[in-house]
Amino acid sequence: MKGVVDRFSEEFVETRRKALDKFLKRVADHPVLSFNEHFNAFLSAKDLNKKQGLALLSKMGESVKYVTGGYKLRSRPMEFAAMGDYLDMFTQKLGTIDRIAQRIIKEQSEYQVELRVYGPVYTTWALSEAELQEPLEGVASCVASCSNALDELTQDMSEDFLPVLREYVLYIDSMKIVLKKRDNIQAEYESKLEAAAFRKEERASATQVPTDVEKCHDRVECCNADLKSDWDRWQNNKRQDFRQLLTGMADHNIQYYEKCLAAWESVIPLLRDKQPQETETDED
């Protein structure tokens, strides 16, 4: 975001604060990550200078790194392959929505600029039209109200809607990293299993599976179980978040159109009030 937004502005800081608060709550709710020593150190630290903060982030990063060898995984199990396909599809959908939403925000901002110029025209017109002064000023006020309502709608979309989309793009990246880590563990297991089978052929008397292969197999099973659990938790959170997000978007749009409708309806009596007077004048 550097160079695109003012990262010290109140709006950006507040958006960032909300996202970080949600992230911390997700980590705190996680049955495993909530007990991570670096996470607890972060929560309990009274103050962190920049150097200490970078060191802590480095430690947290190292706690999730996994280095794999040159062995290539034969094939990802079907259920985990389906997870990868879903993440690719979900990323594409979110990217498309994000791009269109940004275009909508841009068009709304441009429309709002026009409204700010459009309304005062009726105000200046009213100064030279005594008989139409009240309805013209009413139209100017109406346009101003619509402009303010549009500003609120655009702000809600920028501060509430888009950040959630981008947050989930980051979550998807994290899930892909976890899938890759699982693949690395499986690759390590397959590599060790092949090596053990090769040694078994050389020594026909060997019948027992080596301990390191068994331990690696246990790691694969544990990783699979953890990933499935995290996947279910992530899907549940996603459903709740997007229901809330879409409900909020619907509410904001309804409020916008209701405000615009109320503004224009307030102008109609001002226009109708002139009609009886004009009729009476014609009759006289």
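Tutor: Helices (H or I, at least four residues) and strands (E, at least two) are DSSP runs, numbered from the N terminus. On that basis the elements of the chain run α-α-α-α-α-α-α from the N terminus on, which comes to 7 helices and 0 strands. The model is predicted, so local features need pLDDT of at least 70 and side-chain atom pairs count only at pLDDT 80 or more, while totals for chains, interfaces and linings use all residues. Residues are numbered from 1 along each chain as its sequence is written, and side-chain values use heavy atoms, with hydrogens and water left out.

A residue is buried under 20% relative accessible area, exposed over 50%, and partly exposed in between (1.4 Å probe, protein chains only). Of the 284 residues, 28% count as buried. The accessible surface (Shrake-Rupley method, 1.4 Å probe; for residues, only the protein chains shown count as cover) is about 19,800 Å², and carbon and sulfur atoms hold 56% of that surface. A contact is a pair of heavy atoms within 4.5 Å. Among contacts in the chain with a separation of 6 or more, 82% are between residues 24 or more positions apart.

Now the core. In soluble globular proteins, nonpolar side chains tend to be buried together. A nonpolar core here is a set of buried Ala, Val, Leu, Ile, Met, Phe, Trp, Tyr and Cys residues joined through side-chain atoms within 4.5 Å. The largest one has 22 residues, and Tyr168 and Trp234 have the most contacts inside it. Helix H4 (78–126), H5 and H6 are the elements that give it two or more residues; H5 gives the most, with 10. With neighbours within four places in sequence left aside, Trp234 contacts Tyr86, Leu87, Phe90, Tyr168, Tyr171, Ile172 and Met175. A second, separate core has 16 residues, including Tyr122, Ala140, Val143 and Val267.

Several of these residues also take part in ring pairs. Rings of Phe, Tyr and Trp (its six-membered ring) pair if their centres lie within 6.5 Å; planes under 30 degrees apart count as stacked, over 60 as edge-to-face, and the rest as tilted. The count is 11 aromatic pairs. Tyr86 and Phe90 make a stacked pair, 5.7 Å centre to centre with 25° between the planes. These two residues both lie in helix H4, 4 residues apart, about one turn of the helix. Tyr86 is partly exposed at 23% relative accessible area, whereas Phe90 is buried at 10%. Tyr122 and Trp125 make a tilted pair, 6.1 Å centre to centre with 35° between the planes. Tyr122 is buried at 16%, and Trp125 is partly exposed at 39%. Ring pairs also link Tyr86, Phe90, Tyr168, Tyr171, Trp231, Trp234 and Phe242 into a cluster.

Lys238, in helix H6, touches Tyr86, Phe90 and Tyr168, not counting residues up to four places away in sequence. For charges, Lys and Arg count as positive and Asp and Glu as negative; His and the chain ends are not counted. A salt bridge is a side-chain nitrogen of Lys or Arg within 4 Å of a carboxyl oxygen of Asp or Glu. Lys238 is buried yet has no salt bridge, and its nearest side chain of opposite charge, Asp241, is 9.5 Å away.

Asp241 does form a salt bridge with Arg26, the closest N and O atoms being 2.1 Å apart. This pair links distant parts of the chain, with Arg26 in helix H1 and Asp241 in helix H6 (residues 211–272), 215 residues apart.

The structure holds 14 salt bridges. Another one joins Asp160 to Lys18, with the closest N and O atoms 3.9 Å apart. Asp160 lies in helix H5 (residues 133–202) and Lys18 in helix H1 (residues 10–29), so the pair ties together parts that are 142 residues apart in sequence. Asp160 is partly exposed at 30%, as is Lys18 at 39%. Within helix H1, Asp21 and Lys25 lie 4 residues apart, about one turn of the helix, and form a salt bridge with the closest N and O atoms 3.2 Å apart.
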